[in-house]
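Let's take a walk through this one, starting with a pair of helices and then moving on to the pockets.

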Amino acid sequence: MSPDPSEPALAAHEDAPLRARVERLNFFYADGTQALRGIDMPIPDRQITAMIGPSGCGKSTLLRCFNRMHDLYPGNRYEGRISLFPEGHNLVGAEMDPVMVRLRIGMVFQKPNPFPKSIYENVAAGLRVRGIRNRAVIDAAVEQALRRAALWDEVKDRLTRSAYDLSGGQQQRLCIARALAPNPEILLLDEPTSALDPIATARIEDLVQELGREITILIVTHNMQQAARISSRTAFMYLGELIEFGPTERLFTNPTHPKTEQYITGRYG
């Protein structure tokens with residue numbers, strides 16, 4: 001029987017362990033505008049999940065729910081859950097401290113945004129927020145994060161220099177290192193290569209694929225080729241709703257919803 005196009009194609013992938021699950025999530029801006037409508041989506045552990053869709057469809061809005069970025073603006077409101085496993089904590093629950101959520105769920109933005117500090121202090125920032133003061137512990141964590149971000153060999157002799165001395169691609173990798181330092185359970189990437197040249201973009205994609213073997217990654221991208229290259233699962237969103245979710249190769253080659261097919265074939269977007 002052919003799938004019902006009125007229902008999101010959430011092809012069950014319960015064989016894969018989950019790091020999180022979005023459940024009946026609605027999000028409202030302070031003016032009452034509803035930006036997300038009843039989102040249900042599994043987030044497989046230690047895999048890369050891409051979110052695609054036309055501008056304004058809710059991709060970045062959903063991404064920012066995971067680390068409570070919307071709480072920075074009064075009046076925004078969540079309904080539903082984002083359960084973080086294995087504990088099952090609700091990341092958007094009123095009982096959760098948004099600051100602690102952001103340490104557990106790291107984020108890298110569209111444009112590199114290093115702090116006006118040294119390379120070292122950029123990476124150490126999250127550790128200091130956690131209350132870590134031991135210099136040896138911080139030194140080791142900074143080096144490990146820079147190595148994981150494939151940046152250590154390029155900066156190890158100039159850690160005290162300003163982060164602004166780095167190139168755009170290096171700054172973005174520094175931001176990834178900064179997000180990795182507190183050992184987050186999920187890494188959020190919001191269009192992380194859109195401001196970079198093709199060479200820097202390729203380095204970031206290689207890095208993300210490497211990191212995806214050890215950490216759960218959620219990436220928002222307008223670049224469908226990028227989603228196809230690096231992700232194992234893809235979600236297609238439209239007008240605040242999750243239209244289709246499934247293995248990336250299947251979604252791009254055999255979408256089950258007409259809207260998905262129209263988007264990936266370029267009929268709108």
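Predicted model: local features only at pLDDT ≥ 70, side-chain atom pairs only at ≥ 80, totals over all residues.

Start with the helices. Two packed helices are described by the angle between their axes and the distance between the axes. Here, α3 (residues 119-129) meets α4 (residues 135-148) at about 115°, and the axes sit 9 Å apart. As for handedness, α3 and α4 make a right-handed crossing. On the α3 side, the contact uses Tyr120, Val123, Ala124, Leu127 and Arg128. From α4 come Arg135, Ile138, Asp139, Ala141, Val142, Ala145 and Leu146. Sort the residues of this contact by class and you get 9 nonpolar and 3 charged, with no polar ones.

Helix α3 turns up again at the largest pocket, where α2 (98-104), β7 (105-108), α3 and α6 (168-180) are the elements that give two or more residues to the lining. This pocket has a volume of about 450 Å³. Look for Arg102, Leu103, Met107, Phe115 and Arg178, which lie nearest the centre among its 17 lining residues.

Now for the second largest pocket, which holds about 200 Å³ of space. Its lining also counts 17 residues, and nearest the centre you'll find Gly56, Cys57, Gly58, Lys59 and Thr61. Both β3 (34-44) and α1 (59-66) supply at least two residues each to this lining. And what is the class make-up of the second pocket's lining? There are 5 nonpolar, 8 polar and 4 charged residues.

Terms used. Residues numbered from 1 in each chain as written. Heavy atoms only, no water. Axes fitted to C-alpha atoms, helices over the stretch in contact; angles between N-to-C directions. Helix = DSSP H or I, 4+ residues; strand = E, 2+ residues; numbered from the N terminus. Left-handed = near helix turned anticlockwise from the far one by under 90°. Contact = heavy atoms within 4.5 Å. Nonpolar A, V, L, I, M, F, W, Y, C, P; charged D, E, K, R; others polar. 1 Å grid on protein atoms, 1.4 Å probe; cavity = no way out; pocket = protein on both sides within 12 Å on 5 of 7 lines; lining within 4 Å. Points joined across faces, edges and corners; volume = space filled by probe spheres on them.
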